[in-house]
Amino acid sequence: MRKLALVHHGWADASSGLLTPFGFAQMGRLVRLLQVMIKEGEKAIVLSATAPEAVQSSGILASGLGVSVENHDILQSVWVGARKNEHLRETLALIESKSADYDVIIVVGNYTYVGGFPAFFCDKHLGEKLAGDARIEGIMRGESFVIDCEKKTCRRLTKRMLEGGAFKK
């Protein structure tokens, strides 16, 4: 695995859990940002939590990127309380089980997941503290962190990057 992207699902209706039109637009923008990081010939996969908003978000990303998607219950876990470390380890094991087969792994989940996992991943998988955009506490719906496993850095992808032309093919 060369890169790991952690995506906070798009905006969803609180009662149904389904994406709003704004949530669909967020995922469409994120597809364009993520396309740039997948090099020609590389294999990528989307791993998703099982909540409706994550499943819809991951479906949009997978379709737009032309990759497959897998849903996993462990990615639905809320990483708090007594089982937090166990959930983090199980998620790391899932990602590591895919890392030999894919150059880019994109994981779609909720705020607790996306905000809490980057530092754990860098410490346990890369053996280093998180470098780069370490302000993970403010990740918004429809945004992503990308961890470059070779450079050992983390970068936040936001709507403003696309609007400002920061990413162009």
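Predicted model: local features only at pLDDT ≥ 70, side-chain atom pairs only at ≥ 80, totals over all residues.
Tutor: Local features here need pLDDT of at least 70, and side-chain atom pairs count only at pLDDT 80 or more, while totals for chains, interfaces and linings use all residues. Residues are numbered from 1 along each chain as its sequence is written, and side-chain values use heavy atoms, with hydrogens and water left out.

Student: How many helices and strands does the chain have?

Tutor: Five helices and six strands. Helices are DSSP runs of H or I with at least four residues, strands are runs of E with at least two, and both are numbered from the N terminus. From the N terminus on, the order is β-α-β-α-β-α-β-α-β-β-α.

Student: What percentage of the 169 residues count as buried?

Tutor: 51%. Buried means under 20% relative accessible area, exposed means over 50%, and partly exposed lies in between (1.4 Å probe, protein chains only).

Student: Among contacts between residues at least 6 apart in sequence, what share joins residues at least 24 apart?

Tutor: 65%. Contact means heavy atoms within 4.5 Å.

Student: Why is α1 called oblique to α2?

Tutor: Start with the general point. Two packed helices are described by the angle between their axes and the distance between the axes. The axes of α1 (residues 21–37) and α2 (residues 52–65) come within 9 Å and cross at roughly 40 degrees. That makes α1 oblique to α2. Angles under 35 degrees count as roughly parallel, over 145 as roughly antiparallel, 65 to 115 as roughly perpendicular, and the rest as oblique. The axes are lines fitted to C-alpha atoms, for helices over the stretch in contact, and angles run from 0 to 180 degrees between N-to-C directions.

Student: Which residues of α1 and α2 meet?

Tutor: From α1 come F24, M27, G28, L30, V31, L34 and Q35, and from α2 come Q56, S57, I60, L61, G64 and L65. By class, this contact has eight nonpolar, five polar and no charged residues. Ala, Val, Leu, Ile, Met, Phe, Trp, Tyr, Cys and Pro count as nonpolar, Asp, Glu, Lys and Arg as charged, and the others, Gly among them, as polar.

Student: Why is S144 called buried?

Tutor: Its relative accessible area is 0%, so S144 is buried. S144 lies in strand β5 (residues 144–148). Beyond four places in sequence, S144 touches residues including L30, L34, R155 and L157. The C-alpha atoms of S144 and R155 are separated by 8.3 Å, though they are eleven residues apart along the chain.

Student: How far is the backbone oxygen of L6 from a polar atom of the S144 side chain?

Tutor: 3.1 Å. A polar contact is a pair of N or O atoms within 3.5 Å; within protein, one must be able to donate a hydrogen and the other to accept it, and residues adjacent in sequence count only if both atoms are side-chain atoms.

Student: What makes V146 buried?

Tutor: V146 has 9% relative accessibility, so V146 counts as buried. V146 is also in β5. V146 and L157 are eleven residues apart in sequence and 7.3 Å apart in space, C-alpha to C-alpha.

Student: Which residue's side chain makes a polar contact with the side chain of S48?

Tutor: S58, at 3.1 Å. S48 sits in strand β2 (residues 44–48). With a relative accessible area of 0%, S48 is buried.

Student: What makes the phi of K152 worth noting?

Tutor: K152 has a positive phi of about 60 degrees although it is not a glycine. Most residues other than glycine have a negative phi. K152 lies in the loop between β5 and β6 (153–157).

Student: Is K152 buried, partly exposed or exposed?

Tutor: K152 has a relative accessible area of 28%, so K152 is partly exposed. E128, at 36%, counts as partly exposed too.

Student: How do you know that E128 and K152 make a polar contact?

Tutor: Their side chains pair at 3.4 Å. E128 lies in the loop between α4 (111–126) and β5. The C-alpha atoms of E128 and K152, 24 residues apart along the chain, are separated by 7.7 Å.
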